Amino acid sequence: MAAQFLIRTSYKAVRLAAANHLSRTPVRVMCTAKGIPTNEEQATGLELRALLAQKKGKDPYSIFRPKEYAGTSEDPHIVPSIGDKRLVGCLCEEDNTAIVWFWLHEGNPKRCPSCGSHYKLIHQELPH
């Protein structure tokens with residue numbers, strides 16, 4: 001008799017708890033008046049600096065596609081660097097699988113030994 005009483009009471013308690021749980025409306029986190037935050041509102045650190053620089057039209061971390069140059073001695077390919085030299089790889093032909101590597105020094109434009117494209121190193125400071 002006592003066991004049946006406990007079973008009935010626990011069953012009623014579970015039903016009441018479920019009914020109370022279902023009757024309450026769940027609170028959603030992103031349902032405020034503002035909605036989901038934008039990237040600028042969530043970004044911090046270097047990501048925020050990069051987003052602010054992109055709004056100003058700058059490219060401090062080489063995120064954008066580089067400008068295309070003719071590769072001639074009058075209009076060489078510009079290679080940005082934070083040092084005075086940089087290792088450059090040239091894909092001489094579009095479908096070529098071999099990369100021609102050579103060192104490029106500041107103030108000394110250089111030609112690719114294979115295809116003859118001209119490269120020039122420009123010193124660039126990081127924004128931070």
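1. Pro80 lies opposite Ile122, a residue of strand 5. This pairing is read from a predicted model. Strand 1 and strand 5 run parallel and are joined by five bridges.

2. The sheet in question is open, with three strands in the order 1-5-4 and mixed pairing. Strand 1 (77-81) and strand 4 are the edge strands; each has a single partner strand, so one side of each has no neighbour in the sheet.

3. The mean pLDDT of the protein chain is 79, and 70% of the residues score at least 70. Of the chain's elements, strand 3 (residues 100-105) has the highest mean pLDDT, 94, while helix 1 (residues 2-23) has the lowest, 63.

4. The largest nonpolar core has eight residues: Val79, Val88, Cys90, Phe102, Leu104, Cys112, Tyr119 and Leu121. Strand 2 (85-90), strand 3 and strand 5 each give two or more residues to this core. In soluble globular proteins, nonpolar side chains tend to be buried together.

5. Tyr119 deserves a separate entry. Setting aside residues up to four places away in sequence, Tyr119 touches core members Val79, Val88, Cys90, Phe102, Leu104 and Cys112. The list of its contacts also includes Pro76, His77, Pro109 and Lys110.

6. Which cysteine sulfur is closest to that of Cys90? The sulfur of Cys112 is, at 3.7 Å. A disulfide needs the two sulfur atoms within 2.5 Å, so the Cys90 and Cys112 sulfurs are too far apart for a bond. Cys115 also has its closest cysteine sulfur in Cys112, at 3.7 Å, which is likewise too far for a bond. The structure as modelled holds zero disulfides.

7. Is Cys115 buried, exposed or partly exposed? Its relative accessibility is 37%, so Cys115 counts as partly exposed. Cys90, with a relative accessibility of 3%, counts as buried.

8. Ser117 sits in the loop between strand 4 (110-111) and strand 5 (118-123). Beyond its neighbours within four places in sequence, Ser117 is in contact with Gly71, His77, Lys110, Arg111 and Cys112. The C-alpha atom of Ser117 is 6.2 Å from that of Thr72, a residue 45 places away along the chain.

Conventions:
Residues numbered from 1 in each chain as written. Predicted model: local features only at pLDDT ≥ 70, side-chain atom pairs only at ≥ 80, totals over all residues. Heavy atoms only, no water. Buried < 20%, exposed > 50% of the residue type's maximum accessible area, 1.4 Å probe, protein only. pLDDT = per-residue confidence, 0-100. Helix = DSSP H or I, 4+ residues; strand = E, 2+ residues; numbered from the N terminus. Contact = heavy atoms within 4.5 Å. Core = buried A, V, L, I, M, F, W, Y, C linked by side-chain atoms within 4.5 Å. Pairing = 2+ DSSP bridges.
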